[in-house]
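Here is a short briefing to read alongside the sequence and the coordinates.

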Amino acid sequence: MKAETFALPFIIGTLFLFVVCMVRFMYWLVGLSKLDKLRILRNLFTSKSLKSATEAFMEGLIHRKVFKQNAMLGYMHMSLAFGWFLLIVIGHLEAFSYHRAGHFPFHKAVFFRYYNTLGQPYFFEKGFTFIMDLLLLFVLSGVALAYYKRINKSLFGMKKTTRLQWRDYIALTALWFIFPLRLISEGITAGLNHNGGFITQTFGDILNLFLPLQQLEEPAWFAYSLSLGLFFVTLPASRYFHIPTEIFFIYLRNCGIKLKKHENTYARVQTFSCSRCGICLDSCQMNQAGIKNTQSVYVLKNIRNRTLTDQVLFNCLLCGRCEQACPVGIDLNDLRIVKRIEKTQQYNSTYDSLHSEGSSKADVIYFAGCMSHLTPSIIQSMRKIFEVSNTNFWFMDEQKAACCGRPLMQAGQRDAALKLIELNRKQIIESGAHTLVVSCPICYKVFKDDYQLPLIKILHHSEFILDLVQKQKIQIADLPYRLIYHDSCELGRGSKIYEPPRELLKRLGKLVPVPKEREKALCCGGSLSNLRISTEQRNTIRNHVIDEFAHMKPDYVVTACPLCKKTFAGANRLAVADIAELTVEAMKQAKKQSIGKKKALVM
Amino acid sequence: MKKFGYSPIEPRTIDYSQFDGRLLEYLLREEPSFSTCLYCGGCTATCTAANLVEFNIRKLNILIRRGEIENLAKEIDKCMLCGKCSMVCPRGINTRHVILLIKKGIVTLHKKPEIVRL
């Protein structure tokens with residue numbers, strides 16, 4: 001019988017981790033709302049559980065989304081996660097085959113090679129030995145890549161990696177030691193007992209040539225067990241707690257649980273699911289402005305450590321590019337807004353002095369939005385379009401109207417925003433209109449998300465114009481322009497409107513695709529969501545975007561957002577036009593052509 | 001005299017020796033661009049809230065520098081944070097941040113949550 005004390009650190013670590021996981025998961029479960037608990041119960045034995053399991057396998061082990069980001073990075077994550085998972089599973093199968101029984105101590109499977117020295121044959125022995133060595137090689141290749149990533153991250157398609165905490169470094173070091181130590185200890189035992197596979201046996205035989213293996217065996221296994229134990233003990237305090245949490249998060253998400261407007265335990269689950277992989281860092285445009293501590297990964301870290309400051313929280317464009325890139329699928333924007341709501345809860349406005357200005361009866365309401373009033377050409381174009389298409393419309397914010405409430409929402413002033421929403425909503429319903437046309441994507445998003453107008457069709461003006469063109473209520477001619485379309489954050493990632501503006505532009509001129517578009521589109525830098533950024537920093541971000549556009553040599557950068565238009569126009573480098581303005585130009589062109597034709601007929 | 005609709009005028013003297021500069025210092029520290037305001041009034045001219053109710057964002061600066069916190073609290077309640085003012089500001093002052101800081105400052109520095117109600 002061999003000594004077993006070496007396994008103690010591993011056993012203690014595993015037990016500790018198990019207890020912490022159970023306590024935290026129970027605490028999070030209890031903290032959910034009644035409805036959410038019901039959702040979990042109801043979906044326990046449905047296809048949703050199966051879906052969660054598949055997703056946990058594809059994302060948690062295979063790391064499909066990381067692969068999409070970069071193949072090397074994906075391989076590194078996969079070899080570590082999936083390789084280790086297989087080592088555990090097949091290791092247990094091997095121990096099961098050896099013991100010919102379902103019950104044997106857990107550590108006898110993990111340290112199987114140490115115990116299996118009697119030469120007693122068991123089912124599929126050679127196969128198991130070979131597979132286990134192959135898997136070890138697989139994991140070690142990932143560890144080697146992880147070492148290399150510290151020296152050269154560009155190989156993994158990353159410009160930046162996360163700045164870690166000391167707790168993360170301890171866990172990281174422990175993790176880095178686990179598999180090399182496993183190779184050494186299995187090698188030593190193989191050198192002594194000839195029970196290794198193609199790698200461990202060769203390695204052991206080499207070691208046997210010049211090392212006193214007998215004395216080294218026990219310490220080596222102890223070191224291996226210690227690194228495992230240390231990793232498990234530090235795991236709950238480090239970023240690696242994302243491993244158990246992510247699986248839990250995937251299940252909750254698939255049950256249909258959503259973030260609330262206040263922080264609950266689901267928000268905690270999301271926060272703990274962040275692996276601090278740093279993929280969000282490269283997608284963040286704030287880097288260009290020299291702002292390097294407000295990215296989502298740092299916000300989540302600060303939320304977790306309860307060290308979040310206003311400086312970090314409010315210095316974000318909420319453009320949503322990080323959310324798009326996040327391989328875990330954390331609701332980064334909403335989490336930040338939840339925190340903003342919490343931080344500004346104390347000082348919302350009452351708007352007691354506001355009262356409704358009354359409404360006019362019409363079929364269509366036009367809400368230009370505050371920002372459109374600073375770009376009057378959009379409003380003029382829309383008037384022209386309404387006029388030509390014979391639309392019976394009421395220009396809601398022509399003279400007196402409150403703000404839509406979205407800028408307040410972005411700042412976290414939800415209670416104040418709801419006051420304005422209530423005021424505007426009443427006016428909209430009173431008008432009896434069936435359609436609400438909005439020129440500003442910022443307003444569009446809040447009308448769609450928070451106004452609760454189920455009977456009214458809410459359209460962005462690009463959708464509205466496209467509809468008119470398709471129904472031939474307005475005539476347009478082809479313009480001889482090379483156009484590029486800029487997706488605004490609120491309309492694109494925010495409201496998922498990508499195609500209607502493009503469809504319309506294809507009819508207006510020659511639409512050229514840009515490298516970063518649709519979900520990956522850049523923010524113009526003007527976003528109202530950032531309350532901290534200086535004008536100079538905004539300009540830096542804007543100029544980077546303009547640089548990207550300038551390569552395409554467009555006649556016009558076409559926007560569908562007055563704020564983007566105003567921001568780009570400030571650079572004075574490229575001609576910028578709103579989609580409505582171009583439509584009006586195409587309408588004029590069409591009119592000219594038809595007059596020309598008539599003249600030709602008369603002559 | 002009250003019977004005839006007259007009432008004593010509230011004293012409007014401002015004693016600068018009693019000036020409470022906590023809010024002003026806080027604003028200038030957190031948003032230094034605020035100090036560059038040249039009172040041009042562009043913000044007031046474009047203001048969405050001023051279009052609806054009696055509100056003057058430029059005046060806020062004066063109220064702060066006079067230490068009239070109670071009046072300031074009444075005024076600041078009307079801002080809708082729409083951001084037009086920051087778009088037109090010739091000095092590029094981050095006006096939305098200033099507004100949010102004033103709101104926060106009144107509550108945290110002057111401990112007057114009863115003025116800015118929830």
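This is a predicted model: local features need pLDDT of at least 70, side-chain atom pairs count only at pLDDT 80 or more; totals for chains, interfaces and linings use all residues.

Residues are numbered from 1 along each chain as its sequence is written, chains are lettered from A and ligands numbered from 1 in the order in which they are written, and side-chain values use heavy atoms, with hydrogens and water left out.

**Sheet β2-β1-β3-β4 of chain A**

- Four strands of chain A make an open sheet in the order β2-β1-β3-β4, with parallel pairing; helices (H or I, at least four residues) and strands (E, at least two) are DSSP runs numbered from the N terminus, and two strands pair if DSSP finds at least two bridges between them.
- At the edges are β2 (393-395) and β4 (457-460) of chain A, each pairing on one side only.
- From one strand to the next, the twist averages 25°; axes are lines fitted to C-alpha atoms, for helices over the stretch in contact, and angles run from 0 to 180 degrees between N-to-C directions.
- Strands β1 (residues 364-367) and β3 (residues 435-438) of chain A run parallel and are joined by four bridges.
- Helix α22 (residues 441-450) of chain A lies across β1, β3 and β4 of chain A, at about 160° to β4(A); contact here means heavy atoms within 4.5 Å.
- Helix α23 (residues 461-470) of chain A lies across β3 and β4 of chain A, and runs at about 95° to β4(A).

**Sheet β6-β5-β7-β8 of chain A**

- This open sheet of chain A has four strands in the order β6-β5-β7-β8, and the pairing is parallel.
- The edge positions belong to β6 (510-511) and β8 of chain A; each has a single partner strand, so one side of each is left without a neighbour in the sheet.
- Helix α26(A) packs on the sheet and touches β7 and β8 of chain A, its direction making about 165° with that of β8(A).
- Three bridges link β5 (residues 482-485) with β7 (residues 556-559) of chain A, and these strands run parallel.
- Within that pair, A:L483 stands opposite A:Y556, and A:Y485 has A:V558 as its bridge partner.
- β7(A) also pairs in the parallel sense with β8 (residues 576-578) of chain A, over three bridges, with A:T559 opposite A:D578.
- A right-handed β-α-β unit is made by β7(A), helix α26 (residues 562-569) of chain A and β8(A); right-handed means that, with the strands pointing away from the viewer, the path from the first strand over the helix to the second runs clockwise.

**Chain B and its interface with chain A**

- Chain B has seven helices and zero strands, and its C-alpha atoms fill a box of roughly 50 × 30 × 30 Å along the principal axes.
- In the interface, 31 residues of chain B are in contact with 37 residues of chain A.
- The two chains bury about 3,000 Å² between them, 58% of it on carbon and sulfur atoms; buried area is the accessible area (1.4 Å probe) that two parts lose on being put together, summed over both.
- Two salt bridges are found across the interface of chain B and chain A, a salt bridge being a side-chain nitrogen of Lys or Arg within 4 Å of a carboxyl oxygen of Asp or Glu.
- B:E30 forms a salt bridge with A:R532, and their closest N and O atoms are 3.2 Å apart.
- Helices α3 (48-52), α6 (84-88) and α7 (95-108) of chain B each supply at least two residues of the side that touches chain A.
- Of that side of chain B, α7(B) gives the most, with eight residues.
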